[in-house]
Amino acid sequence: MKIKNVTIAGAGVLGSQIAWQTAFHGYNVTVYDVFEKGLESGKEFHKKFAELFKATRGATQEQIDATKARLSYTADLKEAVKDADLVSESVPEKLEIKISFYNDLAKYAPEKTIFTSNSSTMLPSTYAKETGRPEKFLALHFANPVWDANVGEVMMHAGTDKQYFNIVLDFAKSIGMVPIPIHKEQSGYILNSLLVPLLSAAQNLFFGEVSDYESIDKTWMISTGAKIGPFGIIDMIGMQTVYNIALMNGTKTNNQAMINRAKKIKEEWIDKGKIGIASGEGYYKYPNPSYQNPDFLS
Ligand code: NAD
């Protein structure tokens, strides 16, 4: 099976990156978002990525024009998937949204379409049934930013047919990812199995008032040689995702301290428009966050 037409569902932080990266690598890409506002923000992201690719990734104007020409945008799911070979889903990390999205997608997508989820925290088997085609459904998980942290974690669930696993591994490679095969469902894949405990420990230190976020980042960066610390990473991920995870975990385990933390993240960051790199401010201010200053580590 040859993949030519790719539909990206959800034009937010990650969906807009995946769409751009996929179109840049020669695929016809349809960007779908249920909200016109989401599509508009996706288009804004794409203007920024065009500049970024020219300024820092050596892309020529010709490549940028060709990428733009391969991108189209719609808020009509039926239209978005009518000839899709592969759908990459990046709708919000909420179970009811995922389930309702896959129920609709199952109605409209042609039989040939492979479905992939970019969910960071939910296992494909959680909503494999809703896809109506569990054998053609699996996870293709990206990191942020897609082009620099270019691992594509490809994870089967027990009902995935191996042939689609192999097709998606090849697809990931063809859009500039290093494909990482994950043969068994693993909550958090490989990356988040490592990263989530780090970010959680860092937030426990900060919200527990043990230290300030800059000192926590500094300690990590000096000691491991990393270019970025946990709070710089949180700004990349976006406060909305961090909020969703804190609220989901707090509610699931009836942990009031975690629910309060989610509330604080919402009130002190999200409600003030500080949603991370995407809005120009999270823990740090962008561009040129202070942790990139040479004297930050001194
Ligand atoms: P986001 O909130 O930035 O974007 C979500 C987009 O989905 C928005 O544009 C919203 O309008 C749209 N949307 C809402 N309901 C929808 C629906 N029913 N159908 C279609 N679109 C809908 O979220 P994000 O950070 O891009 O995360 C999306 C997914 O990607 C999540 O599953 C998350 O776990 C995963 N992910 C995120 C990151 C990250 O760093 N942000 C990294 C890897 C994976």
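Select P145 to start: this proline sits in the loop between strand 6 (137-142) and strand 7 (151-155). Helices (H or I, at least four residues) and strands (E, at least two) are DSSP runs, numbered from the N terminus. The model is predicted, so local features need pLDDT of at least 70 and side-chain atom pairs count only at pLDDT 80 or more, while totals for chains, interfaces and linings use all residues. Residues are numbered from 1 along each chain as its sequence is written, and side-chain values use heavy atoms, with hydrogens and water left out.

**The cis bonds**

A cis peptide bond joins N144 and P145, with omega about -5°. Most peptide bonds are trans. Now jump to Y286 and P287. The bond between Y286 and P287 is also cis, with omega near -5°. P287 lies in the segment after helix 11.

**The ligand**

Go back to N144 and show the ligand. A polar side-chain atom of N144 lies 3.2 Å from an oxygen atom of the ligand. Select N118 next: one of its polar side-chain atoms lies 3.2 Å from a ligand oxygen. Then take V91, where a backbone N or O atom lies 3.4 Å from an oxygen atom of the ligand. These are polar contacts (pairs of N or O atoms within 3.5 Å; within protein, one must be able to donate a hydrogen and the other to accept it, and residues adjacent in sequence count only if both atoms are side-chain atoms). The protein covers 87% of the 830 Å² of accessible area that the ligand has on its own. Accessible areas come from the Shrake-Rupley method with a 1.4 Å probe; for residues, only the protein chains shown count as cover.

Now select the whole shell. It holds 24 residues, and the closest are V13, L14, D33, E93 and K98. Helix 1 (13-24), helix 5 (95-108) and strand 6 each supply at least two shell residues. The shell divides into 11 nonpolar, 10 polar and three charged residues. Here Ala, Val, Leu, Ile, Met, Phe, Trp, Tyr, Cys and Pro count as nonpolar, Asp, Glu, Lys and Arg as charged, and the others, Gly among them, as polar.

**The helix pairs**

Select helix 1 with helix 2 (residues 36-56). Their axes come within 10 Å and cross at roughly 50°. Axes are lines fitted to C-alpha atoms, for helices over the stretch in contact, and angles run from 0 to 180 degrees between N-to-C directions. Helix 1 and helix 2 are therefore oblique to each other. Under 35 degrees counts as roughly parallel, over 145 as roughly antiparallel, 65 to 115 as roughly perpendicular and the rest as oblique.

Move to helix 7 (residues 191-207) and helix 9 (residues 230-237). They pack at about 110°, with axes 9 Å apart. Helix 7 and helix 9 are therefore roughly perpendicular.

Next, take helix 10 (residues 239-252) and helix 11 (residues 256-268). Their axes come within 8 Å and cross at roughly 160°. This pair is therefore roughly antiparallel.

**Last stop**

Select Y189, in the loop between strand 8 (178-182) and helix 7. Y189 is not a glycine, yet has a positive phi of about 50°.

Technical notes: Near = heavy atom within 4 Å.
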